Amino acid sequence: MNAQTTENTPKITRETKNKIRVDFERTSLWTRIRLKFLTANAFGKAIWFLFRLILLFGISYVILQPFYSKIASSFMSREDFVDVTVKLIPKHPTLDTYKAIIEESGFFEALLNTTVLSVTTALIQTFICSLIAYGFAKYKFKGAKLLFGLVLLTMIVPHDTLHLSLYMKFRYFDIGIGKFGILSFLGGGLIPGLKLIDITSISLINSYWPLILLSLGGLAFKNGLYIFMLRQFFRGVPDELEESAYIDGYGPFKTFFKIILPISVPMMITVFLFAFSWQWTDNFYVDTFFNDKGPKLLPDIIMIPKQLDTDYAGKTLFETAIRNTAGIMILSPLIVVYLFCQRYLVEGIERSGIVG
């Protein structure tokens, strides 16, 4: 029955399609418009298109409106904050807020210091986390699951609980534990009567060393996440590559540097961008290891410049706008970096295996 039905069904050939198109084009314009647009199917598609368009605009407005309002307020003058007719477009646009933050808050000095710190720690964290993740992904040893569980634990423990212990460790820094540290030993803290130096600890507060040392140990902010991402990526690397390298006489480290790292560049760029961004906007470690005597960093520019007179009726709104302006200036370099590196970021996240 099905075969007979198939045989009786007329075949639509190219000539038939051309004839239908020619006949359609020969009809009047109104008839073509009516057949193409004034139908139930066309109305349904139009309504669905308009619904999606309105929904898209609505979601975009909800997401972008706070950002636009902050950007617009950064260009407003004092008069705009007490003018009830001013909403999102300033009547008296000015750059005085940006000028005051640059001149009085030391923006460019903070920008340079933060760039040096963020790039240095991000490079160290990317390499160290890659090395650790490669070991977890490709080598089996006793206690591997326990150690990796501890790595994941660093992602769960709130950093605020470590605030005091981190400060005390680097305020009275010594290589070792308690009186068994090297400086304590040389300073006579371990063996009575032995005193080669006059110090038993050194202070690393107000320097980059605490963050550098934490990065070298794979214990800096979000390093557990980086190790997890890189481990997932390295597990997907074929073992045949390493076996071929071993046959050629490569050792584990030479294989890692010559074979694994070159094919891991997109993933490492992703980790670098994460580490750079989190260090750039970090407040926890900056507040822990730096005070007023330390180098000026970008979080320090969130202040009210004295040259901006805020003592008037719109004081609260004006001061909020100043802080928002400082936040915009802090985030602007990250936006530029993202625009140039978004392809590597998306590619690295896809290869990490943590999405899907």
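The lining of the largest pocket comprises eleven nonpolar residues, six polar residues and one charged residue (nonpolar: Ala, Val, Leu, Ile, Met, Phe, Trp, Tyr, Cys and Pro; charged: Asp, Glu, Lys and Arg; polar: the others, Gly among them). The model is predicted, with local features requiring pLDDT of at least 70 and side-chain atom pairs pLDDT 80 or more, while totals for chains, interfaces and linings use all residues. Residues are numbered from 1 along each chain as its sequence is written, and side-chain values use heavy atoms, without hydrogens and water.

A pocket is here an open set of points on a 1 Å grid over the protein atoms alone where a 1.4 Å probe fits, with protein on both sides within 12 Å along at least five of seven lines; lining residues have an atom within 4 Å of a point. In the largest pocket, Thr154, His159, Leu162, Leu219 and Tyr285 are the nearest to the centre among 18 lining residues. Two or more lining residues come from each of α8 (144–156), α9 (163–171) and α12 (223–235) (helices are DSSP runs of H or I, at least four residues, numbered from the N terminus). The volume of this pocket is about 420 Å³, taken as the space filled by probe spheres set on the points, which are joined across faces, edges and corners.

The second largest pocket holds about 360 Å³ of space. Its lining has 14 residues, with Phe136, Ala137, Lys138, Tyr139 and Lys140 closest to the centre. At least two lining residues each are supplied by α7 (107–138), α8, α12 and α13 (239–247), and α13 gives the largest share, four residues. Eight of the lining residues are charged, six are nonpolar and none is polar.

Confidence, given per residue by the predictor as pLDDT from 0 to 100, has a mean of 81 over the chain, and 79% of the residues reach 70 or more. Helix α7 has the highest mean, 93, and helix α1 (residues 2–8) the lowest, 49. Where pLDDT is low, predicted coordinates should not be read in detail.
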